[in-house]
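Dear colleague,

Please find below the structure that I am handing over to you, followed by notes on what was found in it.

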Amino acid sequence: MPTALRICPLCEATCGLTLTLDGTRVTGARGDRDDVFSQGFICPKGASFGELDADPDRLRSPLVRGADGTLGEATWEEAFDLIARRLPPLVERHGADAVGVVLGNPNVHTMAGALYPPVLLGALRTRSLFTASTLDQMPKHVSSGLMFGDPFAIPVPDLDRTAHLLVIGANPLESNGSLCTAPDFPGKLKALRKRGGTLTVVDPRRTRTARLADRHVAVRPGTDALLLAALVHVLYEEGLTDLGALAAHVQGVEEVEAAVRDFTPETVAGACDVDAGTIRALARELAAAPAAAVYGRVGGSTVAYGTLTNWLVDVLNVLTGNLDRPGGALFPLSATVPAPRPAGPGKGFALGRWTSRVSGHPEAKGELPMAALAEEIDTPGEGRIRALVAIAANPVLSAPDGDRLDRALGALDFMVSVDPYLNETSRHADVILPPPPPAQSAHFDFAFNGFAVRNQVRYTPAPVPLEPGRMDECEIHARLILAATGMHGAAPHTVDDMVIARTLARAVTEPHSPAHGQDPQEYAARLTGRTGAERRLDLMLRLGPYGLTLDRLRAHPHGIDLGPLEPRVPQVLKTRSGRVELLPEPVAADLPRLREALSAPGDSLVLVGRRHLRSNNSWMHNVPTLNSGTNTCTLQVHPEDADRLGLTDGGTARVKAEGGELRVPVEVTDAVRPGVVSIPHGWGHDRPGTRMAVAAGRPGVNVNQLLDGSRLDPLSGTAVLNGFPVRVAPAS
């Protein structure tokens, strides 16, 4: 049977797949052994590509809300006509900020989601932007922005060359890696152990990753920043700091020493429930390793001190001389970022340039907290959000207090959703624009190549042609932009032509650009590609650091290896000082809050989330193969706590917090430490009006309903989804 290549879009590992085709139907998927990056690795999600691609519940044509209030099938022209009639007048009457834009996790897994939402936001000129980042990784963007001047300058562990990896709040054997794009993360960790390296995992659960580790530290949830601050303290106290070649490019080393003076191992031990001797051993082992990296992820981000935790991760990398050196933590260089500028001071990174209307939450990276979306809709007054454009987003499940948001969405004047499913959020839309299945879309990883553990570049055209009645996802986005901004009727390529023209107008005037001094029209005429998106990709490759072209990429269907990560400081720095700013002022101002945690009483029972290899948030629960077996939504509880609380394995528990109450099946296991319970994120498929039969058959519970949205990391606006107190009892 014929085969075709496709980069997997189902998680951040970006593995290459070889699809088996029967006409236009995908009948199988296996790892592409010739892929320059993944080399044949595949996980259960990738293996189920064909099943997800052919999901009968995927919408095939637009849905439009009729006069009777029900959603019905419509033509593409009818859908865009309605948007053009309804959305621009709302902006004209109430202002740009009256239109909210919500971007979900799947946006970064598609070409369209990477290329077009920034254009939509620029055209609408709205400040009402909410994304999945404030439910996940925004603390990392903020700490990187403050330290390095660029919120996308995120160092990743050099997994193939490190000798010591300290993982905190991450479970890459289940997630396949996050903000660290690494196909076959399990194999890389096993290779680390095989070459004599050390793996240390800090996590309140004994995850699959923790079971592989040399040392598992079962820290109390939410105290990651205290533990890391104590490690930094030990480095100073015992004279273990050595910045190496980075020393000339760092400022604030002495100031950090003073800032962590109070966080001794003995002082934090009680709060973390980790003995002081273990803390000192962790610091010494990290400093003694010939090459080491500290890597933190969602468990250290979605907590009360998320930005401080992520800041301390990189402080440790800097102080041990492991930032920006082989085997440590390095900055990837993607093929589609602009060619590097000469090293020197930049514009820096600022927080709080504006605030949300109701609660005054400061923006971060141009975004407001997703937890504030409901109040921005349902609180009366001038400037409230009256219309919403949701792109690949399901915040009713992913954000705190989905019940309130559910009600708020029902009160909007108008809503558009770009989504393949009629789900818990899109069911409120007046127009739903469904993208085609992934086999009918080309793929390039604009976002994840910037976090890859090896520099490489790959592009896969659509394996099968669009079915009749479908519309390419890039065209959907382009026409949405035109309809939403009063340009309905213009050709879709108009959007791409404008972007190309603006990009070249800047590039030809910048001395470091490959297009410097050239005629923009002549340069644009060289671009190749059948679509506007391909032409934009070709332009980005040409203006990028490697001087590639789309034609060259097409000639290498398994990708082009661009080599291991290399040191990039000071070139990567965009701070005003032109140096790594080790103690940014906003971080210093937040440290007193962390000191208060030293004397705060510990909660008797706290909740954390968890991941499963077959699940990627809420959007994969409608695939039978992935929503089966042990991939269940249960309350994991330690045997000691189960005995104390009167819970039985297989029974039902009642879980309460400030946002609500859940009833959830109990799973008694020593995989969680005493004092901790765990419920996975992304479930709760029990609302009426959806069209996801498999997910509705095993709905689970929405853990975020336990929260009311008041718990946020103040610097990043990220919701506290882990380490919050709960009350648990047997269900009557």
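Helices (H or I, at least four residues) and strands (E, at least two) are taken as DSSP runs and numbered from the N terminus. With that convention, Ala392 falls in the loop between β15 (387-391) and α17 (395-398). This is a predicted model, in which local features need pLDDT of at least 70 and side-chain atom pairs count only at pLDDT 80 or more, while totals for chains, interfaces and linings use all residues. Residues are numbered from 1 along each chain as its sequence is written, and side-chain values use heavy atoms, with hydrogens and water left out.

**Backbone**

Most residues other than glycine have a negative phi, and most peptide bonds are trans. Ala392 has a positive phi, near 50°, although this residue is not a glycine. Asp401, likewise a residue other than glycine, has a positive phi of about 50°, and it lies in the loop between α17 and α18 (402-410). Asp401 counts as buried at 15% relative accessibility, where buried means under 20% relative accessible area, exposed over 50%, and partly exposed in between (1.4 Å probe, protein chains only). The peptide bond that leads from Val569 to Pro570 is cis, with omega near 15°, and Pro570 belongs to the loop between β19 (560-564) and β20 (580-581).

Helix α24 (residues 585-596) has Val587, Asp590, Leu591 and Leu594 as its buried residues. Why do these residues lie on the same side of α24? They do so because they cover an arc of only 135° around the axis, the arc being that of the directions from the helix axis to the C-beta atoms. The exposed residues Glu585 and Glu596 are carried by the face of α24 that is turned away from its buried side. The buried residues of α24 pack against α6 (138-148), α10 (224-237), α11 (253-259) and α15 (306-319), with contact meaning heavy atoms within 4.5 Å.

**Two helix pairs**

Two packed helices are described by the angle between their axes and the distance between the axes. Here the axes are lines fitted to C-alpha atoms, for helices over the stretch in contact, and angles run from 0 to 180 degrees between N-to-C directions.

For α6 and α15, the packing angle is about 50° and the axes are 8 Å apart. That angle makes α6 oblique to α15, given that angles under 35 degrees count as roughly parallel, over 145 as roughly antiparallel, 65 to 115 as roughly perpendicular and the rest as oblique. The crossing of α6 and α15 is right-handed; a crossing is left-handed if the near helix is turned anticlockwise from the far one by less than a right angle, and right-handed if clockwise. Among the residues that make the contact are Pro139, Val142 and Phe148 of α6, together with Trp311, Val313 and Val315 of α15. By class, this contact of α6 with α15 has seven nonpolar, five polar and two charged residues, where Ala, Val, Leu, Ile, Met, Phe, Trp, Tyr, Cys and Pro count as nonpolar, Asp, Glu, Lys and Arg as charged, and the others, Gly among them, as polar.

In the second pair, the axes of helix α3 (residues 76-94) and helix α19 (residues 473-484) come within 8 Å and cross at roughly 35°. The crossing of α3 and α19 is right-handed. Their contact includes Trp76, Phe80 and Leu87 of α3 and Ile476, Arg479 and Leu480 of α19, and by class it has 10 nonpolar, no polar and two charged residues.

**Individual buried residues**

Asn317 is placed in helix α15 and is buried, with a relative accessible area of 1%. Leaving aside neighbours within four places in sequence, Asn317 is in contact with Ala292, Ala293, Val294, Asn322, Leu323 and Ala329.

Leu635, in strand β22 (residues 635-637), is buried with a relative accessible area of 0%. With neighbours within four places in sequence again left out, its contacts include Ala653, Val655, Val666, Ile679 and Val728. The C-alpha atoms of Leu635 and Arg554, which are 81 residues apart along the chain, are separated by 48 Å.

With kind regards
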